[in-house]
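Here's a friendly walk through the model shown below. Keep the sequence and the 3D view open as you read.

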Amino acid sequence: MKRALVMMPAALIWAGVAFAGAPPKLPAGFGPLPEQPPIPKDNPMTKEKIELGKMLFFEPALSKSGHISCNSCHNLASWGVDHQKTSIGHRWQRGPRNAPTVFNAAFWSRQFWDGRAKDLEEQSKGPPVNPKEMAFASPKEVIKRLRALGYEPYFERVFGKGGLTYDNMAKAIAAFERTLLTPNSLFDRFARGEADLPPAAKRGMKKVVEIGCTNCHNGPLFTNNEFMPFYYGDDPGRKAITGKEEDDHVFRVASWRNVAMTAPYFHDGSVKTLEEAVRIMARVQLGVELSDRDVADIVAFLKTLTGEPPKVEVPRLPRPAGVAPDYRD
Ligand code: HEC
Ligand code: HEC
């Protein structure tokens, strides 16, 4: 591979297009991001549905106050997160947890840090009626609001007559979220033999396997998509849902994809830098004290997992009255 580089005209190397090595030998399980997430049979993706889901994702009227949209906490221009320790919702209330990114969420086995929603459809029914987030009293109120705003024809175009329902709202949002993928990270291009990794990132890649991070952060998603204990902080994690002692402090293994862009870290957002998050993981999960150089190498590797964010054209929201709605509460 080195020789091929040396023989190439310098201009091409500078342009960054000339690397043409054979696909490298990767640690077991590693690979590029899959092109498609699983798509449920009862919610096929169509152009109109995705477009409606996008409108709903950006729709501030999906909150009782009329000023919080999904995008407020999952800013699509900033890696699908709000960069808050924990999110700010209705009447500026702080929730208990950090907002995970919606990018690639279509790949997770279950949704939320504690996995309490089984899929994106179930997940998106939560926020509009969560008193600390968008704060509607009931799904019925949400539908009333959407009807008043002129959403009925949009829903009927996708779901047929009588299509404006809470379930269909969730389906449309989920279909849109399944388009929020981040392919072609430097690592992915490396895995396909199209680019090389900096030496520090290569050392980091070796290190995470050697010390056992990849027991949990494995496969092309860099998560085994399972639930593992993380004894850190006082959030009981999955135990709050299942009531089982064995689920105390158990959380879904977070993906490493785009992790360099989604600070702060962990379910409580308590850690500001990736360096610190790596150090804590090594200590708490593996009983390993990493040297500064190892931390830097691992972070260099994690940075290669930043993909291309999806291109999202801002939707036009229906405003049949020709004025901005004003909701007082
Ligand atoms: C007030 C801020 C806020 C709003 C508004 C909000 N979310 Fe979230 N979202 C969060 C937080 C915080 C979590 C993590 C909560 C938890 O795990 O207990 C989360 C979790 C998620 C997840 C799970 C991701 C994962 O990795 O498990 C998805 C998907 C998601 N939100 C999508 C949405 C959609 C769609 C909407 C609009 C209908 C929305 N969110 C509105 C803050 C928000
Ligand atoms: C026993 C399983 C396990 C091992 C081993 C493990 N992790 Fe984790 N990792 C997790 C879980 C679970 C989470 C979610 C933590 C939470 O709920 O805050 C996580 C979260 C993270 C995060 C934060 C992600 C975010 O978005 O906030 C990083 C970074 C991370 N791990 C890196 C590592 C590194 C580096 C190693 C090796 C030094 C490692 N992990 C070893 C299970 C593990």
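## A loop to start with

Let's begin with H83, which sits in the loop between helix 4 and helix 5. Helices here are DSSP runs of H or I with at least four residues, strands are runs of E with at least two, and both are numbered from the N terminus. This is a predicted model, where local features need pLDDT of at least 70 and side-chain atom pairs count only at pLDDT 80 or more, while totals for chains, interfaces and linings use all residues. Residues are numbered from 1 along each chain as its sequence is written, and chains are lettered from A and ligands numbered from 1 in the order in which they are written.

H83 has a phi near 55°, a positive value in a residue other than glycine. Most residues other than glycine have a negative phi, and most peptide bonds are trans. H83 counts as partly exposed because it has 15 C-beta neighbours inside 10 Å. The cut-offs go like this: with C-beta atoms placed from the backbone, 20 or more others within 10 Å makes a residue buried, 12 or fewer makes it exposed, and anything in between is partly exposed.

V81 is also in the loop between helix 4 and helix 5. Is V81 buried or exposed? It's buried, because 23 other C-beta atoms lie within 10 Å. Leaving aside neighbours within four places in sequence, V81 is in contact with H74, N75, A99, T101 and T262 (contact means C-beta atoms, placed from the backbone, within 7 Å). V81 and F103 are 22 residues apart in sequence, yet 9.0 Å apart in space, C-alpha to C-alpha.

## Two domains and what lies between

The chain splits into domain 1 (2-30 + 183-303) and domain 2 (47-177), with bounds that come from an automatic or database domain assignment. Taken over C-alpha atoms, the centres of domain 1 and domain 2 are 29 Å apart. Their contact takes 21 residues from domain 1 and 19 residues from domain 2. On the domain 1 side, helix 11 (239-242) and strand 2 (250-252) are the elements that give two or more residues. That side divides into nine nonpolar, eight polar and four charged residues. For these classes, Ala, Val, Leu, Ile, Met, Phe, Trp, Tyr, Cys and Pro are nonpolar, Asp, Glu, Lys and Arg are charged, and the others, Gly among them, are polar.

Now for the largest nonpolar core, which has 64 residues; L56, A172, I173, A277, V278 and L302 have the most contacts inside it. Such a core is a set of buried Ala, Val, Leu, Ile, Met, Phe, Trp, Tyr and Cys residues joined through C-beta atoms within 7 Å. Helix 8 (residues 166-177) provides the largest share, seven residues. Domain 1 and domain 2 both give residues to this core, so it lies between them. As for A277, it touches Y265, F266 and V271, leaving aside neighbours within four places in sequence.

## Around the ligands

Ligand 1 is surrounded by 28 residues, and C70, C73, G89, P100 and F112 are the closest. A residue is near a molecule here if its C-beta atom, placed from the backbone, lies within 6 Å of it. Helix 4 (70-73) and helix 5 (120-124) each supply at least two residues of this shell. Its classes come out as 17 nonpolar, eight polar and three charged.

Ligand 2 has 25 residues around it, and C213, C216, F251, F266 and M281 come nearest. Helix 10 (199-211) and helix 12 (274-286) give two or more residues each, and helix 12 gives the most, with six. The shell around ligand 2 has 19 nonpolar, six polar and no charged residues.

## One side of helix 7

Which residues of helix 7 (residues 152-159) are buried? They are Y154, F155 and V158. These cover an arc of only 95° around the axis, which puts them on the same side of helix 7; the arc is that of the directions from the helix axis to the C-beta atoms. The buried residues of helix 7 pack against helix 3 (47-58) and helix 8. Just after helix 7, G160 takes a positive phi of about 85°.

## A cis bond

One last stop: a cis peptide bond joins A263 and P264, with omega about -5°. P264 is in the loop between strand 2 and helix 12.

Key:
Two residues are in contact if their C-beta atoms, placed from the backbone, lie within 7 Å.
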